[in-house]
Structures are given as structure tokens and as C-alpha cells.
Amino acid sequence: MKNVVLSMLAKISQIDANTKQLTARVEAQSLLISALVLAVSKQGGVTEMIESANKAINTVIDSAESDELLKSDAAILLRELQDLLTISRAVDGADEEINHQGLNDITGVSAEGQGKLPSES
């Protein structure tokens with residue numbers, strides 16, 4: 001029985017690690033998209049890009065009259081798009097310098113330890 005429990009815990013632990021990896025990937029993509037939106041906005045055309053994405057999602061929501069699941073999923077997609085735009089605005093207004101003290105407060109990693117993982121210290 002102990003081995004079964006250990007096996008279950010190992011599976012849960014791996015799921016947690018995979019979830020963390022997926023979350024990190026999504027967050028990195030959010031930052032990349034924010035940077036791309038900022039780059040496009042400096043060249044003009046970002047408004048058209050956003051309006052086009054909003055229009056496409058809203059068209060799907062409007063056309064999915066009887067498919068509540070499709071409507072719900074499209075609404076989630078629209079909310080996520082709006083969240084990414086909010087991140088882009090925040091990145092645009094953020095300082096260009098890294099706040100090492102703030103990072104240290106959040107993660108426990110100091111500026112002196114940059115480039116090292118906590119396990120390497």
C-alpha cells in the first residue's frame with residue numbers, strides 16, 4: 001500500500017511540475033505578445049489588429065446561437081485577449097530597469113545571485 005501511495009504522490013508531483021511549466025510558458029507567451037503589440041503600436045496598426053481579433057471572436061459568439069459550450073469558450077478567449085492587452089499596457093508603462101529588490105522580495109533571489117538557480121547557490 002505504501003508503494004501505491006508513493007506512486008500516486010509521484011504522479012501528483014509530476015502533474016504539479018507540468019502545470020508549473022505550462023503556466024510559465026503561457027506567461028512567457030503573454031510577455032512576448034505584449035512586446036509584439038508594443039512594437040506594432042510604435043509602427044501604427046495596433047488598433048486595427050485588436051479590432052480584427054475582437055470582431056472575429058464576437059462573430060463566433062454571435063453565430064453560436066444554440067451552442068452554449070462554443071459561446072462560453074469564445075467568451076473565455078475574448079477575456080484572455082483583453083487580459084493580454086492589459087498586460088501590454090502595463091508593460092508599456094513599466095520601468096525599463098529591473099527592480100532587483102522587488103524580485104528578491106518575491107522570489108528570494110538576490111541581484112548578486114543572478115544567473116544561478118536557488119539549488120546552485
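**Entry 1: Ile 33**

I started with Ile 33, which sits in helix H1, residues 2-43. A helix here is a DSSP run of H or I with at least four residues, a strand is a run of E with at least two, and both are numbered from the N terminus. Before going on, I noted that this is a predicted model, where local features need pLDDT of at least 70 and side-chain atom pairs count only at pLDDT 80 or more, while totals for chains, interfaces and linings use all residues. I also jotted down that residues are numbered from 1 along each chain as its sequence is written, and that side-chain values use heavy atoms, with hydrogens and water left out.

Is Ile 33 buried or exposed, or partly exposed? I found that Ile 33 counts as partly exposed because its relative accessibility is 36%. (Buried means under 20% relative accessible area, exposed means over 50%, and partly exposed is in between, with a 1.4 Å probe and protein chains only.)

Next I looked up its partners. Skipping neighbours within four places in sequence, Ile 33 is in contact (heavy atoms within 4.5 Å) with Leu 84 and Ser 88. I also checked Leu 85: its C-alpha is 8.9 Å from that of Ile 33, although the two residues are 52 apart in sequence.

**Entry 2: Leu 84**

Then I went over to Leu 84, in helix H3, residues 68-93. What does Leu 84 touch, if I don't count residues up to four places away in sequence? My list reads Ser 30, Ile 33 and Ser 34. Leu 31 is 53 residues from Leu 84 in sequence, yet their C-alphas are 8.4 Å apart.

I picked out Leu 81 and saw that, leaving aside neighbours within four places in sequence, Leu 81 is in contact with Ala 53, Asn 54 and Ile 57.

**Entry 3: the whole protein**

Last, I zoomed out. How many helices and strands does the protein have? I got four helices and zero strands, running α-α-α-α from the N terminus on. Buried residues make up 12% of the 121 residues. Of the contacts between residues at least 6 apart in sequence, 50% join residues at least 24 apart.
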